[in-house]
Amino acid sequence: MSSQSRQFTALSRLLHWTMAAMVLTMLCIGVAMVASLANYHVLVTIHRPLGIAILILVVVRFVNRLLNPPPPFPATMSRAERLAATASELTMYGLMFVLPLVGWGMLSAAHYPIALYRSLHLPFILPHNAMLYAVLRTAHTVLAYLFVLTFIAHFGAILFHTLVVKDGIIKRMAPWNIRRVEKETS
Amino acid sequence: MSNGLKPAEAEQPRLGKASTLTRFALIGVALAAVVGMFAYFGGWFTPNDLTPARFTDAFEHVDGVHSGFRRNHAKGVDVAGFFESNGNGVHLSKALVFQPGRVSVIGRFSLSGGQPYVADSPNTVRGLALQFSLSDGELWRTAMINLPVFPVSTPEAFYERLVASKPDPSTGKPDPAKMKAFLARHPETVRALTVIKSQAVSSGFDNSTFHSLNAFRFINAAGDSIPVRWLMTPMQPFEAASTASAPQDKNYLFDTLIAQIHRQPLRWHLMVIIGQPGDPTNDAAIAWPEGRQQADLGTLTLDRVESEQTSAATDINFDPLVLPAGIAPSDDPLLSARSAVYSQSFTRRAGETKQPSAITPADVRKGD
């Protein structure tokens, strides 16, 4: 088998690591801004356009996921582990799509303008309704914490496989191109 | 399964017990570090820091929780009208609101404090919050009060003063000892209060001057940025508040305002004060020196009044940092804090059932 099939495509890996950095930044900004007075405004000003960037990229990533299926799981992964990995992948795709959308929706319901850059701003996608805002605002927090938990599970699973099972699973997503299989096994 | 699925590492000898434990410990440390990072950013390690939630709790602690109402400036009535720009602001700021022409405005007159049914009194701080709807869909919100300077410079001092102002249950008044202790620690408040007390209070909302207090920055099309403060100066003539005992009508300020708007539109000039290099932009407790250049940018006309129970302005958070391109925040620490606390207050009240406002739709119709 060629090395390509053991590793995600270069585009997939680029999207993974770019979005990993964006999402982690986003989650940290999210927990920080709700607790901050002095930095609230600057954090909100980053949070909103960054969220929209994630929303756009996750659509690109979803299309890429359909066009470029992932390499097979290593043989060291049990059926249950494979199910869990697929479920967490789906959850994270879902959250990357739904969280920004809920954010956009809740700001629409509160009629908070969503400035992207200078005077460029997003249209409101929901009617002005405080109760709707309150419900979506709570959902935004709950989903964000779910994302934190899913991320921790994902990170923990990768560490477990890399350090304990030692099956080199990380190489599937390594930012660099891994050596050819022929060389490794020869 | 093909060979490709079996990485070389999987065929390495199994780890010893000690080595496995070490590796599990490493994983534990790594995961704890991630949790710790989130906890750190979320402020869990600094539980004594002021947060928007603690700030809002303080308002509730002092004035009680009034379901569905703003945590500060709880008593109010909503208004609508328009702003007519005279074009004088075009060279100062590229904000579309300063292009010659008219934009629609909705707003709210209020009394400071978290009690929605408090009796009107001449010395209670009056608020005017406005939202300008610009032609390209941008919004400009500003929440102003009728004080010439703000009594505090920092969010921390505001919080301290708020807590010190909690009425003693036995007297119904703030504990003078606590307020005295606060003033002893905050000479800037003593100075600001001297300025505030030197100005005569007007008889009503209609002839009050409303100040932005915080400094902002205007940015024009060329990219020049200047520090500004703005104020709304009334076209209704000044009349001093009566020194006689407070009127019987506990909503007299609002009832008078409603009757006035029904009679004829009320108007204000939007004035900007242009700061000079060296004028403090981070201290709302200090007025800029006399004689700073002022520009009249246009006229605000308020010709409609509506109870909070039916008005769209009720569901607006008059966050002072909802600004159009061409107006930017200054380095005043109060601005970000106001934005954060207003948001917290809005989030709390948005999810609550709203009690009837002090000024009901029937009160607003009376003046018709």
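Author: Chain A holds five helices and two strands, where helices (H or I, at least four residues) and strands (E, at least two) are DSSP runs numbered from the N terminus. Read from the N terminus on, the elements of chain A follow the order α-α-α-β-β-α-α. This is a predicted model, in which local features need pLDDT of at least 70 and side-chain atom pairs count only at pLDDT 80 or more, while totals for chains, interfaces and linings use all residues. Residues are numbered from 1 along each chain as its sequence is written, and chains are lettered from A and ligands numbered from 1 in the order in which they are written.

The C-alpha atoms of chain A fill a box of roughly 65 × 30 × 30 Å along the principal axes. Of its 186 residues, 31% count as buried, a residue being buried if 20 or more other C-beta atoms, placed from the backbone, lie within 10 Å of its own, exposed if 12 or fewer, and partly exposed in between.

Now to the pair of helices 3 and 4. Two packed helices are described by the angle between their axes and the distance between the axes. The axes of helix 3 (residues 79–109) of chain A and helix 4 of chain A come within 9 Å and cross at roughly 155°; such axes are lines fitted to C-alpha atoms, for helices over the stretch in contact, with angles running from 0 to 180 degrees between N-to-C directions. Because of that angle, helix 3 of chain A is roughly antiparallel to helix 4 of chain A, for angles under 35 degrees count as roughly parallel, over 145 as roughly antiparallel, 65 to 115 as roughly perpendicular and the rest as oblique. Helix 3 of chain A passes helix 4 of chain A in a left-handed crossing, that is, the near helix is turned anticlockwise from the far one by less than a right angle, whereas clockwise would be right-handed. The residues of this contact divide into 18 nonpolar, seven polar and one charged, with Ala, Val, Leu, Ile, Met, Phe, Trp, Tyr, Cys and Pro counted as nonpolar, Asp, Glu, Lys and Arg as charged, and the others, Gly among them, as polar.
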